[in-house]
Structures are given as C-alpha cells and as structure tokens.
Amino acid sequence: MPGASVISETWLWAGWAAAAAPFAAFVLILFLLRRRPGAAAAVSLAAVATSMVFALCLLVCCVDMETPLRSVVTWMISGDTVISAGVHLDGLSLLMLAVVCGICLLVQVYSLGYMAGDPGFARYYAFMSLFAGAMIFLVLAPGLVQLYIFWELVGLSSYLLIGFWFEKFSASRAGKKAFVMTRLGDVAFLAGLLLLLVRGGVMDIAALSNGAAGLSSGMITVSAVLIFGGVIGKSAQFPLMTWLPDAMEGPTPVSALLHSATMVAAGVFLIARMFPFFSQSDAAMTFLLAVGTVSMLMSATMAMVSRDIKQVWAYSTISQLGFMLMALAAGGYFAGVFHLFTHAGFKALLFLCAGMLIHAFHSNDMFVIGQGGARGLKIPMLCMAVGAAALSGIWPFSGFASKEAVLATLVSLENPAWLIAGLAGVFLTAYYTFRLVFIIVFPAGRGQTRAEDPARGVAYAYGAMAWPVILLAFATLVLGFLAAPIRHWLAAGAGAHEAVHGPAWLAPLSLGLVFAAIAVAWVEFGRKNASQTGFVERVRVVAELFARRWYLDDIWGWAVSRLLDRGAAEACRQADNRVIDGFVHSLAGAAVASGRVLARGHRVMIQARLMIMFAVVFGLTCIMLIWG
Amino acid sequence: MQLHSAQFPVLSLILLVCLAGLAAVVLLPAEKKQAVKYVSTVCSAVTLGLSVYVFVAYDRALGGMQFVEHLQWAPSLGVSYINGVDGFSVPLLLLTGIVFFTGVLTMWEHDLRVKEFFAMFILLVTGVFGMFMALDLFFLFVWYDVSLFPMYLLIVIWGSTNREYGALKLTLFLLAGSALILPGIVYLVAESGMGTFSLPALVNNADFSPFAQKLAFFLFYVGFGILAGVWPFHTWSPAGHVAAPTAVSMLHAGVLMKIGAFGILRVGMFLCPEGWAFWAPVMALLATIGIVYGALAGLRQTDLKFVIGYSSVSHMGVVGLGLAAMTVDGVNGAVFQMFAHGVMTALFFSAVGYIYDKTHERKFANLGGLSHVMPVAGGYFILAALTGIGVPCLASFWAELLVLLAAFDVYPVYGAVAVSALAINALFILRVVEKTCFGPVNPKWEHLPDVSFGLGMPRLVLAGVIVIFGIMPFLMYETIQSASMLLISGLP
C-alpha cells in the first residue's frame, strides 16, 4: 500500500521535528537572544509547543499501529562499529513523548511568572530548551548509544539548571554533585553498553530485546546490572540518591521538571524501553527489585522528618521512583510505566504549588509557610491537596490507579516480603504527605496570625503560574481513568497479560493503610492542640538518622575527602613530586656531581698536565713502533 | 604504503608560507609590533587555509599517501625530501593550522619582544608542520628537533611561574627522547641494508627481524612517548605548560604532545608492527595508569594551568590506550583523540590565558564568580571543561567512546579501569569550574571586562571546531579510517 508508507514517512518527519525544535531554540537563544529575555522565552515556548503539537498528532494517529515506525541514519562508522541516530515511534515512546512535552510546556509557561525579572532569564530558557530537546531525543532513541548520548546531555542540562543561580555556592555545588554522582552511575552504564557492543555487536534496542545479539545469559546479567548502575544514578536510587534532595537548589520550576518527566524519569524509562532485554535475567531483576525497595523505604523515612517543603517532595520522588523500579523489576511493565506517567503529572503539580508558596512566603520551611497564612492562597492550596491525594494513592486521583497496579504486581511475586514492603511504603507515603499538608493548612496557634494579603507580592506573575497548576490538577484527576487505553497502547511493548487489578482485598487494604496514616498525621499535626511532633521525632536517634539521610551524605563525603582527595589523589601527587621527579632530580644531580668529579681532573697544575701529555704521547709512540 | 603524487606541491607550500612569514617577521624592525602581528596572522591564516584545503581535498576513497612530493637531497646518504599525508596526518595538519591561527590571535595583546616571540613561534610551527608531513626519517627527525628547540627560548623569555625550571626540564626530557629516537632510526636504516631513510621504501621493502622490530619499537615508544606524556615520563609536561606563555601552552599541549604520539604511530607502528604487537600490553598498562593517575593528581592541584596539564596526561593516556589496542576502532579513536584533545586544550589554555591576562591570578581559590563578570570568557572555559569531561556532542566524546570500546574488546580490565576515570575526571574538572566561574564574585574582579568579539575570535573558532566535530564525527572518522584500515589489515 503506497499510501501507508507516505503517511508513515510524514510521521517520522514529525518525530524528527519534535526533537529538533528545542535544540534549534537553544542555539538561537544562545547566539542571538541572550540580551532579549522576552524573545528568548517566546522562542523557547514556541519550540516546545511545536514539539507538543507534533507529539499529540503522533499520539493520536500512530499509537495504534502494529509495528513501530523507525527512521535511522548512520552517525558514525569506524571499522565494524556503526553508530546510528534515529527516531523510534511506538506506544511507549509516543506516550512518554507526550508526557515530556506536556510537562516541559507547562513548566516553561509557569516559569514566565516564576522567573520574571531574573537577570539570567534568557539563559534559563536556553537551558530549558536544551533539556527538553535532550529528553525528547532520549525518549525517541532506537539505539542504546543514542540513548546514552542524550542521557548524558540530560545530565548536563540538569547540571546547568540546578546550578542556575551560580553565584550561590550551594547551588553550584549541588549542580556539581548531581553531575558527578549521576556520572558515577553512568560509568557503569557506559561499561555495560561497551560490553554489549563488544560481545553482541548490536546497539539496537529492539535487536537486543529479541535476543538477536546471541548473548550468553551470564553476559546479559552482567551488562544488565551495569546498566542498572546508570539507572541508579539518574533515578537517584540507593546508594547514589543523595544528589536529588540537594538539587532543589535550582529554581523550583527546574525541580518540577527534574522530578517529574525528565531527568529522573530517564532511568525508569530506560528500564521500560529495554524491558524485554532485562527480563531475560532474573538475577538482574531481583537486584533491581532490592535496590528499588531499599530506596523507596529509606527515602520515605527521610521525608517524615524534613521541614523543607521541596525536600519532602524530593524524598518522595526517590521513593516513588523506587516504586516504579519495584514494579518493573517484578515484571509489571504497564504498572511501572503507568506510575511513571501519573507521578510525572502529580509531582510536577506538587512542585509547582510549592513554588507558588515559596514565591509568596520567601521560605522553604513548611512551618513558616503555614504560619504565614498559606491557606489563604486558594489555587495552590487546592491543587496541592489534589496532588497530595494522588501521591498518597486516594481514589479517584491518578496515583490510586497506578499504585494499585504496582501493588498488584507485587502480589504476584512468590515472596510476600516485597508486598509488605510496598504496603509499608504506601503507609509512609500517605503519612509524610499529609503531615506536610496539615502543617501548612492547620499551623500551630491557628487563627492568631493572619497574613494581610498573601498574594500581594505575586499578583503580577500569578496568572502564568496558576494556569499550568490548574491544568496539572485536572490531569491528575482524569489520568487515573485512562489506565485502560494506556495499557492498550503499551501492549505492543511487552507484558500485555499482567494484572492491573490485584485481588479484591488489595485496594481496600491499601486504602485502609492510607487512611490510617492520614489519621496518625491528623492526630499529630492536624487537630487543635496537636503537638506538631511526629512519632519518629520522639526517638532522638531515629529522627537524627532520618534527618541526616541515613548518614549517606556523610559516607560519600568521607569517601571523597578521605579516600579520594587525601588518599589516592594525594598519593599520586606525592608520587609525582617525590618518586618520579625525585628520580629525575637525582639523575640531574648525579650528572652535575659527576661533572664536578671529572672537572677536578682539569684543575691540576700545568707541570702535571705536561707530564701526563708526555706520558700519553710516549705510550702511543711505543705502541705504534711495536705494531709498525 | 601507496604513494599518490601531488599535482601541485601544496604541502611544501605550507612550509614555504611559514618560512616566508618567518623571514618577513625577522626582516621587520622590532618597533613595528603591529606589523609583526599582522604578518603572523596572515601567515597563519594562509597555512590554516591550506591545511583545510588538504583536509577537504584528501581523497578518502583512494586512501594511502597523497600529495606526495619527492626530491633527491643527499643521495649518498640515502636522504631525500619526501612529503606526503595520509588519513593520520591530515587531521593533525588541520589541528596544527587551527592552533597556529588561534594561537597567534590569542597573543594579540602581547607586548613584550613581539618580533622575537612571533619569529620563534612561527619557527616552532614550521617544525611541527614538517614533522607531520615528512616521509623521510632523516627529515622527520630534523623537523622534530626544529619544533623542540624554540620551545626552550619561548618559555624562558616569555614564561611565568618557575620558568627556568620548567623550560630546562622540558628541554632535557625531550632531548633525552631524541637521544633514543635517533639511534632507533639509524639502527633500522642500517639493519635494512637499503641505505635509505625513505619511510615508504622501508615500509614496503625492508624485512626487519622480530628482534630488530622489538628493539627499535621500544626506542621509538620511549623516545616519542616522552613527548606524548606517557606515564611515568610525563612530569615535564605540567611544569612546562604552567611556565609557558598562553599561545605556547596552546601549541605545546595542543600540538606538540601529538607529535610524540604521531611519532610512535608513524615511525614505530609503520616500521615495526611486530614490535608494536610485542609492546602493546605494556603500552596499554602505562596508558591506563596515565589515565587514572593524571585525573587523580589533577584533583590535588591548585593552579589552573597545572589542572589542565594533568588532564592532558590523562587524555593523552586515552591516545596511548587506543594505539595499544591494535584495532581499527582503537587507532581511529586514538587519532581522533589527538585532534580533539588538541583543539580542546588549546581552547582551555586560551580561556585561561584571558583570565590570567585580566586577573594575573591562576590559583583558582582566589578566583570565583567569573561567569558573572565575564560570561562569554567563562563560557569558553566551561565549554573546554565539558569537552574534557567527555560530554557527548563535543569532539572528545567520540574519541573516548571508540578507544574505550577497543579497550573493552582487547583489554577488558584496563578498559574498566579507564572508564572509571571518567567519574574522577568529571569531579576534578567541575571542581575547577565551580571555583573559577561560579560562586560569589570576588570584589577584586568585579570591574573586569568580558572578552570582546575580536579577542574572542580564536576561542570562537576553537569552540566551533569542537562542536562541529562533536556533532558530525563522521567528517573526521572517514579520513582517519582510510589510513587505519590499511594499517591494521597490513599487520602480520
């Protein structure tokens, strides 16, 4: 059918264009519009809106197709190694593309208000465009090398955006920390990728997935675990999770983007993209399940004691990413991906609401925000309530549907420990979420202080910030009901036959846990005369452990400063100065010294020299006479 | 080795333009500083144009030695003047042209003994050009030494920090290298019994015994390796980088270190393939140590130029590892890394040079917030740093990718160790960026001007080259490939 191929070529063209538009905006802003903030924002928004339009067209028209569309061009050839670039359009990449473009667009609109008047406004939009473009190319990548390349560029853009306010040491340090810690994971990723390339010779994800590479099972396990290293770094899992809470040093819209559809989502997306490949190794998947579970529980405990609103959402991101990885590792392809989508929506929502509050009250401290009269700000408060309900997993918000799917996957595992851990996570999530909500809505000593007009200072920017939030809240309300079509679109991927709904007791059980947690939070933080002290805070040691992030930061700091800086690096420096240069210097010294010794021979008296000369001449003459 | 004669002696023309520029600079009166600079700029621009022409006109499908010129010189000694370029030397000629041009522009504000400086500088570049295109071992060695000697004067007269020490150390190290190379060349020529220094003749016809190849390769590897910054013969390089004036650092780290690696490739690997195979594991070991060691030692430095110096040791280790793999990927990656690292360090030193010119400060603890004061100059510095970290879509990424790929294939353990150095590299280079460009502005630097468009030109050119070859690596790989396929397929 000739018509079909023409149509599919058009769609491929649209895929390329969707990815290229933000890059074009990046270049344009960087070179021409650095001093024109308004034009820079317009270009950036236009580019991401273009991508969004293409993404929606593609989603509507192509998502039902049976075979993925792909267009691949050769990027580089060296010997037998061919590295290609391209776009790969199937259910997963198209849905992800829509999510990425949608959130990028909303965040950029929101930033019009949030970043208004910032001296680096144009630079901000340049980096945002780079971020969007890199993430889109990552999502559309048909090959692993391309995915890795844009994976690194996503990391680069996060570095630039987290450290956006580079005059602050804390910000530039957080950016560096994010880059280096994710790089640590990426080193493993690169090693796994190279191993696959060397042993299998194939970089195409589809080929790797259907076993065309002919790899041994041991090789698959080793390379899968190495690639998980990259996921652990990017998606901030144990033990590389500590960069993410610090990353909130960036502007809040950046955090919203970072925590939802872009940076951290890349790790989970990689697992989903290569799901059939990873599924070939049970050992690797069990490893991933353990990592996800540990990170999920650990970061949930950290969120229970934090006072910083953005930090709580950051910890909850780590925790929810852990959920997604658990689902994927347990074989729940749809559950993991669906939770990725719903989480992207409600986490962006929560961060953007937090940004509005921070913008209004100039503080990150939830107690200060609460006391300042945050409940007067209707839009962010209502929307935050929607987001919080979704995060806790309350029906009918989107988080309920996806979390149930995750739990249903865990039920199907033989070992009940994973399910118990998952349910514990549900309880903790609801607890820390509503702890925050109650602290802000029902501050201690309520009714006494009343802010004059909380929205006073932000009136100028309010509109641009409010609409994205409202749209996201709406999405959070409806996304849960779209589980069936999304599942259908993803079916081409892999696990079409997994359970979406668990046994009948599961949903009541998890909802019961959620409401129990909310009740605990209410008793401690919500009701009148509440002590405003959580149950973990009553045990000093535990509270300290949680507040210090299980001492992970200290351990990493110790490793870098002691083992690396003062250990290995200092050893190398000393080796250079003392051993190698010491040898060189002593060689030079020896040359000079031997010169002195030889020179001494020339310092004798003239008579002695004449004697020596005669002796030599006499000796030579004798020799000549004898031979002659 | 296939030779394709030149229709027009474009390679000799490059040398002649350099020599004409040198003569013009020497003949101009010393007071006419501006005229000296213009002459040098024109000379470098013409050579850059010619090297771009060679890069574009080189027939990749044909491969082999092209633009070959052949003149008898001293037949009784077996010395002839042969020039020619293949896929390995074409990128390096381009690199030399780029660094020459941008180096001259970088020194535009230079004001001390201008005439002498540019005369030395052009002489040095002439040697480098000659070395990359010479196909006669005698000439190759002469050009090699021509490119070394001006270095001593350039550092001693125009250098900074500890310059006498740095210059002397550099010169002695490199002379020690020469003292190994020359016997190696003479030994091979004598061993061949052909009485010729001509590289094509020796490669095509001579039949060296395995022992001779192993011995000669060792001499070449150590001799040229000193210049290539091979661990543990690298300590001259950070000290020399630091002492040298900006443009000389650019040329030195950007091009001169490549001469060493190129010498190993052109003389050692072409003439002694069995020696190459024999010593490859040692090369791989030393290169891997260099990669990690350079990054680690860089972590403890406090001087901007020392940091770049040690990162060069690490990056040149990548070249060594690629060459040691003895595969098409490895050699491709190594040669690409030579090019990419050359442009990158040139940009690095050029950016640092601007910062130093304005602040007279290179201890990065005393800098800080420069991105605020000079966003463009800081931007170039950051771009160079990102290239050094191996960020994709910047030139070095592709080189590192291929070298690591080859290493994983041939030496998996070394490959794994080398990959881990990427994380250390990121840590130490980003630390420098943070201390230099980010953080609160030091009030001392608040009123410094940002780099103007004219002064920024050389940096813009270098940055452009990094990005172009980072996005379109195939432009370079197709050229390199034409030579590496021949070299690897010709291995015994």
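Modeller: Begin with contacts. Two residues are in contact if their C-beta atoms, placed from the backbone, lie within 7 Å. This is a predicted model, and in chain B, residues 24 or more positions apart account for 81% of the contacts with a separation of 6 or more.

Biologist: What percentage of such contacts in chain A join residues at least 24 apart?

Modeller: In chain A that share is 80%, among contacts between residues at least 6 apart in sequence.

Biologist: How far does the predictor trust the model?

Modeller: Chain B averages a pLDDT of 90, and 100% of its residues score at least 70. For the complex, the predictor gives an ipTM of 0.92 and a pTM of 0.91.

Biologist: How do I judge the overall form of chain B?

Modeller: Compare the radius of gyration with what a globule of that length would have. A compact globule of 492 residues would have a radius of gyration near 23 Å, and chain B agrees because its value is 21 Å. The C-alpha trace of chain B spans about 70 × 55 × 40 Å along its principal axes. Its secondary structure comes to 19 helices and three strands, and buried residues make up 65% of the 492 residues.

Biologist: And what are the corresponding entries for chain A?

Modeller: The C-alpha atoms of chain A fill a box of roughly 120 × 70 × 60 Å along the principal axes. Chain A has 25 helices and two strands. Of its 628 residues, 55% are buried.

Biologist: Which domains does the domain assignment of chain A give?

Modeller: Chain A is assigned domain 1 (1-186 + 239-258), domain 2 (281-547) and domain 3 (556-627). The centres of domain 1 and domain 2 of chain A, taken over C-alpha atoms, are separated by 25 Å. Their contact takes 23 residues from domain 1 of chain A and 32 residues from domain 2 of chain A.

Biologist: Which helices supply the domain 1 side of that contact in chain A?

Modeller: Helix 3 (91-114), helix 9 (243-246) and helix 10 (252-259) of chain A each supply at least two residues. Helix 3 of chain A gives the most, with 12 residues. By residue type, this side of domain 1 divides into 18 nonpolar, four polar and one charged.

Biologist: Which residues have the most contacts inside the largest nonpolar core?

Modeller: They are Leu97(A), Val343(B) and Leu347(B), in a core of 445 residues. Helix 15 (residues 333-361) of chain A gives the most to this core, with 20 residues. The core draws at least three residues from each of domain 1 and domain 2 of chain A.

Biologist: Which residues does Leu97(A) touch, not counting those up to four places away in sequence?

Modeller: Leu97(A) touches Ala18(A), Ala55(A), Leu58(A), Ile136(A), Val139(A) and Leu140(A).

Note on methods
Residues numbered from 1 in each chain as written. Chains lettered and ligands numbered in written order. Predicted model: local features only at pLDDT ≥ 70, side-chain atom pairs only at ≥ 80, totals over all residues. Core = buried A, V, L, I, M, F, W, Y, C linked by C-beta atoms within 7 Å. Buried ≥ 20, exposed ≤ 12 C-beta atoms within 10 Å, placed from the backbone. Helix = DSSP H or I, 4+ residues; strand = E, 2+ residues; numbered from the N terminus. Domains from an automatic or database assignment. Nonpolar A, V, L, I, M, F, W, Y, C, P; charged D, E, K, R; others polar. pLDDT = per-residue confidence, 0-100. Rg over C-alpha atoms; globule rule 2.2 N^0.38 Å.
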